[in-house]
Amino acid sequence: MGLFKRVAKIVQASVEERNLQQSDPRDQLQAVFQDMLVQVGEVKRLIGEVAAYQVRLEHELKRLEESMADYETQAKEALEQGDEPRAREHLRKRQSVKNKFAATSQQEQMIRRKLEQLRDAKNELSEQVQAFREARDEAQMRLAAANGALAIQTALTLANDAKSHALEQIQDEARVAEARIEVTESIDQEFDRLLRETQRKP
């Protein structure tokens, strides 16, 4: 696979399969974020490789340029010495180097354009990572706030239920106590009645 095809594959890499394996939305967000960081890191690595290759081409161009100048100097010296065949040979070699220089220069320009494309892709990915980080943090904050509100609501509901249950128990106990008092008072009244009747008999 070519270098730039690898870049395209990295940039367009899908994380859907990994997302499907995650059940917790927070885990999904973290997985997507980590995948994006991996993509940015891979593109940076490729940029380093391409940049190093471009530097080698630049050095090669400089070497070829110096070689052309040397052959041109040697050709002039041969002509000054009246050695036309040797001058022609130096000029022939200079032309061969010039052709190689043109091909290498064209290759270097192509690599330069590809390097710019890679850097643009890296910048775009970095912006996407930053935007995703901000969106993730906001979503997590909203989720935390919602969970907090839900926890408070649940606690209040449980407290209200417990309060209602406690009040109901107290009311039941109060009714039982009141019923006992009524029974006791009824017995006392009946006892007093019987006692009075007994006292009235001769």
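**Charges, entry by entry**

I started with the surface and found a negative patch made by Glu116, Asp120, Glu124 and Glu127. Asp and Glu count as negative here, and a patch takes residues with over 30% relative accessible area and no salt bridge, like charges being joined within 9 Å. I placed each charge at CG of Asp or CD of Glu. Asp120 lies in helix H4 (residues 84-200); helices are DSSP runs of H or I with at least four residues, numbered from the N terminus.

A note on my source: this is a predicted model, where local features need pLDDT of at least 70, side-chain atom pairs count only at pLDDT 80 or more, and totals for chains, interfaces and linings use all residues. Residues are numbered from 1 along each chain as its sequence is written, and side-chain values use heavy atoms, leaving out hydrogens and water.

Next I looked up salt bridges (a side-chain nitrogen of Lys or Arg within 4 Å of a carboxyl oxygen of Asp or Glu). The whole structure has twelve of them.

I picked Arg45: its closest N and O atoms are 2.4 Å apart with Glu42 and 2.3 Å apart with Glu49. So Glu42, Arg45 and Glu49 form a linked network, and because Arg45 and Glu49 are four residues apart in helix H3, about one helical turn separates them.

Then I checked Glu72, which forms a salt bridge with Arg94 at 3.4 Å between the closest N and O atoms. Glu72 is in helix H3 and Arg94 in helix H4, so this pair ties together parts 22 residues apart in sequence.

How values were computed. Patches are made of residues with over 30% relative accessible area and no salt bridge: like charges are joined within 9 Å, nonpolar side chains (Val, Leu, Ile, Met, Phe, Trp, Tyr) within 5 Å. Accessible areas come from the Shrake-Rupley method with a 1.4 Å probe; for residues, only the protein chains shown count as cover. Helices (H or I, at least four residues) and strands (E, at least two) are DSSP runs, numbered from the N terminus.
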